[in-house]
Amino acid sequence: MSNFDFSVLFGGKAGDGIRQLGQLWARLLARRGLRVFLYDDYPSLIRGGHNFTVVRAAEFPVLAHRERVDLLVALNAFTLEKHRRTLAERNVVLFDSSTFEAPGIGVPWSGIVKDLSAPPITRNTAALASAARILGLPFEELAETLRRDLPKATEVNLEVARKSYELTPPPPGRTLPRSEGTVWPTLFGNEALALGAVAAGLRFYVAYPMTPASSILHYFARHGETLGVTTIHPENEIAAILCAMGAACAGKPAMVGTSGGGFALMVEALSLAGQAEIPIVVVECQRPGPSTGVPTYTMQADLDFVLSAGHGEFPRVVLAPGDAAQAFHLAALALKLAWHYQIPVLLLSDKHLSESLFNQELPLVEVPRVSFKSWNGEREYRRYAVTGDGISPLAFPGDPRAVVKVTSYEHDSYGITTEEPEDIVRMQDKRLRKVRGLREELDRPEMVAVEGDGERALCVWGSTRGAALEVARKLGLRYVQPLVLEPFPETTLRKALRGVRHLVVAETNATGQLARRLEAHGFPVEEVLLRYDGRPFTVEDLERRLYGVSP
Amino acid sequence: MSLRSEKDPLKTYAEITWCPGCGNFGILTAVKTVLKELLVRDELHRVVLVSGIGCHAKIVDYLAVNSFYSIHGRVLPVAWGLKMARPELLVIGHAGDGDAYGEGLAHLIFAAKRNLDLTFVVHNNSVYGLTTGQFTPTSPKGFKGRSTPKGSPESPLNPVELMLASGATFVARGYAGRPRHLAELLRQAFAHRGFAFVDVLQPCYTFFNTYDFYNKHVREIGPEHDPKDFESAMHLARRWAYTYEAEEIPIGIFYRVSRPLYEEAVRVPEREPDLAAHLERHHR
């Protein structure tokens, strides 16, 4: 059956291992050849509270989660109370019968863990085994995933899993299909983004921890050795970006990552990158603001901020991926553009993209690579040589033939300070000339994702892609998503929106920042659907709102 | 036109705009003395000067060597990145006292804590020069500046003591009025493997002229001091607390020890990773 579409919600309190449980489930199903998507919802605390993870699996590609779930796996009573209304008709509830009573199928997970003297955290493995059993998954498949993904304490987890599997009743209804097709890679948005930068030639990642960007730092810290990326956790975000820029000036592609508050601290250095023409990629994983806002939830509210961050006027690029494959590709493109044009490039992500698990092939073969206009060694080196396209050839300190002078001050072509009016204009013009090349390169069909040709169009950016694409397909709307937001791909969008009579914009912020940008470029927007409760659009949510929109 | 002046291969065509009598001239002379030796050894291309913002920072315009004219307080993270990316570089930071001890203080403490392999030279004149005379972290209590007309209510910071406490492996103080002595300090600092900190007493002729005071009180540290002895380095550092009252101001090397380098623990070898294999192993 090709319409198999099954969602499981795992819920409990922080410290119950809900995230790991969801991840194991997602990988288990992905290895069956199913397509999965994982959404993780957790408050900003370490123990207690309410965490839940939704894993949707289907026989077709999925990029979003649904509100209605088919199986609810409750590690505590609160999960049942909170999510009962989201259950579909033919649903199943699995719960820990050692700790509470509820309608549904109880398995004594805590009891199993206690009997086997296993660590309390392995209760999540017990729950995983019950879910596997109730959907008819062979034990050996589960065991293989535990062996692969839980290299620590594998034996005790296997024991817990076996016992729980035995105590869970066989499937009452639907069982999980197995697909003979490809097993697609599973990646969190941040992991895909990290690998994209590596594919382009990244050598340095420097970041101060901040949710939801921290997992990029963790990933590089863990895999930096094999990926050839030196990973640094400095004293603050200010040091992070300047350290990365120092590395870039020595010829090494470097990237930093943070969220809005950390980016606020980096703005001083962003302006320096603009003046000194330093290639740098900044990943800004948005979360709800202002200020500390809601640290572990999602929002697309920093577009206006990144577009104009930094004093003075200088060219920049803002890219906004919407899924793992786009994150991979755009991270590589970001590094390529930063080096080709010697400018700061911003990758605008958010919690929903960063921390959701995608199941997609990455475009490994068509990845953009870092390259730059290199100094040919003739005549005396001028770091800021004035050229027709505004791009000066690069040499690096250590080259015996060149004296490389990089500067935050306005300067002449050698990099010596100047305050002469003609020099100021000449240099500003040189830097801004790069915009012409950037427009040519980025106002292109591949920088605006389009699907369908309806007269009603749904336009979104970033992580709203998943829910929007699915709803657009279902309702026969034209789907339009600019991947680049600066320079704004005006000509391409005009083509993409040709024949559209009714343009709807959906984004997760309170004022409609993309909608405003579209209107500023002369695209009339009929409706703006906004969600700003820190949660992403679900498929159902967006569908409901679109029905509310007059055709 | 050429970056280098015809007469002096270390000099650029930039016109020097420091006030006559500025302590920065003494520092420039000392730096040039050591750079000239590197030029003779054909190693000058390994040098990168990083400066902040302030009168001190103009030094990068006056020397025909690689440089990064950074922003206020941000000399050290830039220097750090350069050194991490290319360990063969000889990275020398220059900063003012407002720059190093005000805006950039966190970076300074961490640079010392990490033992980055850099030299950091502070042009310490205890006054903001380029912003026309406000008090700084090392101005004496009661200093009458444009932001403290009734006298600074704060006591000065003792950067030598601070750097010793932060774990710097080379701590020295020089005086711009003794460029020969300063050149020797810089020579030792550049040669040090690890974080070399040099606080240079640098009179500001226009806003805080301390030449007479320093000429009277500065005393070179003699061979009786053992620079490996932390306690006696600390004792020496506390002899003068930047109060502009003391009898004697020690200059020279306070402390010098060897510790493992940060970069050796952190830097990973460059490689072209096999992404397909990585995906297979960790993501499928």
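**Conventions.** I worked with a predicted model, in which local features need pLDDT of at least 70 and side-chain atom pairs count only at pLDDT 80 or more, while totals for chains, interfaces and linings use all residues. Residues are numbered from 1 along each chain as its sequence is written, chains are lettered from A and ligands numbered from 1 in the order in which they are written, and side-chain values use heavy atoms, with hydrogens and water left out.

**Interface.** I looked up the area first; the size of an interface is often given as the accessible area lost when the parts come together. Chain A and chain B bury about 5,000 Å² between them, 59% of it on carbon and sulfur atoms (the accessible area, 1.4 Å probe, that two parts lose on being put together, summed over both). On the side of chain A, Glu235(A), Val403(A) and Lys405(A) lose the most area to chain B, together 12% of what that side buries. The contact (heavy atoms within 4.5 Å) draws 67 residues from chain A and 54 residues from chain B.

I noted a salt bridge between the side chains of Arg114(B) and Glu235(A), at 2.6 Å, N to O. Elements that give two or more residues to the chain A side include α7 (189–200), α8 (214–227) and α10 (260–276); helices (H or I, at least four residues) and strands (E, at least two) are DSSP runs, numbered from the N terminus.

**Cores.** I took a nonpolar core as a set of buried Ala, Val, Leu, Ile, Met, Phe, Trp, Tyr and Cys residues joined through side-chain atoms within 4.5 Å. Buried means under 20% relative accessible area, exposed over 50%, partly exposed in between (1.4 Å probe, protein chains only). In the largest core, of 209 residues, those touching the most other members are Phe220(A), Leu319(A), Leu518(A), Leu542(A), Phe120(B) and Phe195(B). Helix α12 (residues 324–341) of chain A gives the most to this core, with 13 residues. A second, separate core of 49 residues includes Leu21(A) and Trp109(A).

**Helices of chain A.** I checked α16 (residues 465–475): eight of its 11 residues are buried, so the helix is largely enclosed by the rest of the structure. Its buried residues pack against elements including β3 (48–58), α12 and α19 (539–547) of chain A. Just after α16(A), Gly476(A) has a positive phi of about 70°. Among the buried residues of α6(A) are Val156(A), Leu158(A) and Tyr165(A), with cover that includes α3 (109–115) and α4 (123–134) of chain A.

**Two residues of chain B.** His94(B) sits in strand β3 (residues 90–96) and is buried, at a relative accessible area of 0%. Its side chain makes a polar contact with that of His123(B) at 2.8 Å. Thr210(B) lies in the loop between β6 (196–201) and α8 (211–217) of chain B; Thr210(B) is buried at 5%.

Methods: Salt bridge = Lys/Arg side-chain N within 4 Å of Asp/Glu carboxyl O. Polar contact = N/O pair within 3.5 Å; in protein donor to acceptor, adjacent residues only side chain to side chain.
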